Amino acid sequence: MAAEAAGPAGPGSGGGTGLTDLPGELLELILCCDVLGAADIGRVSCTCRRLREACQPRGKVWRERFRLRWPSLLKYYSHSDSVSWLEEYKARHNAGLEAQRIVASFSKRFFSEHVPCDGFSDIETLGCPSHFFEDELMCILNMEGRKGLTWKYYAKKILYFLRQQNILKNLKEYLQRPTERQSFLEGAVLIDQYCNPLSDICLKSVQAQVDDITDKVRKVLRTKNPRHPSLASKAGEILVPEVELQRQVLDAMNCVLYEQLKYKGNELDYYNSLNSYIHQVLIRRTGIPISLSVLYLTIARQLGVKLEPVNFPSHFLLRWCQGKEGSTDIFDYTYIDAFGKGKQLTVKECEYLIGHHVTEEFYGVVTSKEVLQRMVGNLLNLGKRESTDQSYQLLRDSLDLYLAMYPDNVQHLMLQARLYFHLGIWPEKVLDILQHIQALDPSQHGAVGYLVQHTLEHIERRKEELGPEVKHRSDEKHKEVCFSIGLIMKHKRYGYNCVIYGWDPACMMGHEWIRNMNVHSLPHGPHQPFYNVLVEDGSCRYAAQENLEYNSEPREIPHPDIGRYFSEFTGVHYLANTELEIRYPEDLELTRATVQKIYSSGKE
């Protein structure tokens, strides 16, 4: 199309004005039109010297082509950069092809197990800029519609890994800085980012929200004392000298935070992990003592009041010096409870707060690294509270963070090894961890030896696996199986919605599970088909056939593992992906027939 337009444009053709006769700016405007693709621009640039110059690699035409295709990537370039946009276009295009190749390979490689610790090795050695690769993963995740579920599932896992690796690098760089350059807010953001790598969290955005609160405090302060030194534009660079002036700042902060903005300690849902994430504290205006203290301390320091973190047991506090700066006398300080609406406490009142006496060492100031250690410790404890996929992920993430700060902590290394062993993932990584523990503390040889033995047995069993078990519905032993892969079901007793992703002709769980779940109380007991189902609450369950029924109003099941097993949601049922279909090759036909029969007057 474009080449044909350029053909008759030569001088003396008698065909009127052509592309090459147009002024440069107008020619560029036409070539930047979004109906033209990269291939069109490539062909146009080959037609003649005039058009080749208009489409030069560093020119506006290729920059606009790059912008139209990948607008989110322009933030990585400045206007002063001399960039070959043609080369950048090629590099991004090739990164996209490589990302698609890797994502497509993951289902076949890792369908039967968690992605192993070396599963991302080919990603770590990419020959393209990581932000190009990440951008393609985001394009996959943002694909419209209900298709490509398996691609989205593995793209999400890869993106999770890539971002966490980058955040860990940033955390290690942060910890290597001098203490005075370790911002408490930045540390809290790094923890937040690592535990929520797919969320849009950045220090700049969080800092902007804190600055907004600080400006509100200044407005209140101005009404009380128009000449207050904290009102200066660079107030955070100097300390307010007088205690009374400092008190005015803290009073204004309490007014804004707790009266105007309604921040409060989350007493009703204290053990919610969202209370520990600084971006969620700002959104929900609630948190736990340590997260609210980081916010409170940051605002105070921006207004010239030096508060210090106190690692008080059971309840994190801040301290405010009333005597000589740097005093070691705990009675020279007032203690501030950010969880308790900024209440100012004496030493005695601090003890009343937790209900017992503590020694002076617990009133001392702590470093930013120790603050992060406590924040991560809180998340570790939350991860231990439940046995769900979400809590296991939180436990894994918080252990990664803790060991990034304290890589030789035997207790947490052992916890990490036991966690991976319990989940049945990364056996080679478990052996590496155990070897490290043995080198650090030979007295752990008993526990280490036990785990090494059972981990080696797990590796051997995995080697002996011949391939996926294939279940044919036509087999005589499967004749009682009524339901098929991909059907949306409802549990008769508990009412939850779910989708079937596997089945057995009879209950395959052990005697203890059968007893604990009271299976023998069912009319057909364990001698009936049982189904693996993904439940809308994010859990995976094993349900008896007599407890399941067709869902009269089928809808999508919002389960994090849905893409591991299914490639598409049709509106009334799920389509098994290639790997699941290999294992249940005859189910698709039955699923379609069932859907046609049950929902014939419905959506399909």
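**Largest cavity**

I sorted the residues lining the largest cavity by class and got 6 nonpolar, 2 polar and 2 charged. This is a predicted model, so I keep that in mind for everything below. The cavity itself holds about 80 Å³ of space. Counting cavities of 30 Å³ or more, I end up with 1.

Which residues line it? I wrote down Ile485, Gly486, Tyr574, Ala576, Leu580, Glu581, Tyr584, Asp587, Leu588 and Thr591. By element, β13 (574-576), α23 (578-583) and α24 each put in at least two residues. The largest share is from α24, with 3 residues.

**Helix α24**

Since α24 came up, I looked at it next. I checked its length: 12 residues (587-598) at 1.5 Å a residue should span 16 Å, and the end C-alpha atoms are 16 Å apart, so the two agree.

Which of its residues are buried? My list reads Asp587, Thr591, Thr594 and Val595. Looking down the axis of α24, I find these buried residues within an arc of 100 degrees, so they line one face of the helix. On the other side of α24 I noted Glu589 and Lys597 as exposed. For what covers the buried residues, I have β8 (497-504) and β11 (548-550) among the elements. Asp587 and Thr591 are on two of my lists: buried in α24, and part of the lining of the largest cavity.

**Valine 535**

I picked valine 535 in strand β9 (residues 530-535). Its relative accessibility is 0%, so valine 535 counts as buried. What does it touch, leaving out residues up to four places away in sequence? I got Tyr496, Asn497, Cys498, Arg541, Ile557 and His559.

**Second largest pocket**

Next, the open spaces. The second largest pocket has a volume of about 1200 Å³. I count 37 lining residues, and those nearest the centre of the pocket are Tyr76, Glu134, Arg163, Asn166 and Pro197. The elements giving two or more residues to this lining are α7 (121-124), α8 (130-141), α9 (149-176) and α10 (184-195). Which of them gives the largest share? That is α9, with 8 residues. By class, I have 19 nonpolar, 10 polar and 8 charged residues in the lining of this pocket.

**Helix α20**

From first C-alpha to last, its 20 residues reach 28 Å, close to the 28 Å expected at 1.5 Å a residue. Val448, Leu451, Thr455 and Ile459 are buried in α20. How are they arranged around the axis? The buried residues of α20 sit within an arc of 75 degrees seen down the axis, so they line one face. Their cover includes α18 (410-423) and α19 (427-440).

**Some loop residues**

I looked up serine 276 in the loop between β1 (264-265) and α13 (278-284). At 6% relative accessibility, serine 276 is buried; the cut-off is under 20%. Beyond residues up to four places away in sequence, serine 276 touches Ile288, Met375 and Leu379.

Lysine 262 has phi near 60 degrees, a positive value in a residue other than glycine. I find lysine 262 in the loop between α12 (243-260) and β1. Is lysine 262 buried or exposed? Its relative accessible area is 57%, so I put it down as exposed.

Arginine 285 also has a positive phi, near 60 degrees, and again it is a residue other than glycine. It is in the loop between α13 and β2 (286-287). With a relative accessible area of 34%, arginine 285 goes down as partly exposed.

**Whole chain**

To finish, I took the overall numbers. I count 24 helices and 13 strands in the protein chain. The C-alpha trace spans about 90 × 80 × 55 Å along its principal axes. Of the 604 residues, 48% count as buried. Taking contacts between residues at least 6 apart in sequence, I find that 60% join residues at least 24 apart.

Terms used: Residues are numbered from 1 along each chain as its sequence is written. This is a predicted model: local features need pLDDT of at least 70, side-chain atom pairs count only at pLDDT 80 or more; totals for chains, interfaces and linings use all residues. Side-chain values use heavy atoms; hydrogens and water are left out. Helices (H or I, at least four residues) and strands (E, at least two) are DSSP runs, numbered from the N terminus. The expected span of a helix is 1.5 Å times one less than its number of residues. Buried means under 20% relative accessible area, exposed over 50%, partly exposed in between (1.4 Å probe, protein chains only). The arc is that of the directions from the helix axis to the C-beta atoms. Contact means heavy atoms within 4.5 Å. On a 1 Å grid over the protein atoms alone, a cavity is a set of points where a 1.4 Å probe fits but cannot get out, and a pocket is an open set with protein on both sides within 12 Å along at least five of seven lines; lining residues have an atom within 4 Å of a point. Grid points are joined across faces, edges and corners, and a volume is the space filled by probe spheres set on the points. Ala, Val, Leu, Ile, Met, Phe, Trp, Tyr, Cys and Pro count as nonpolar, Asp, Glu, Lys and Arg as charged, and the others, Gly among them, as polar.
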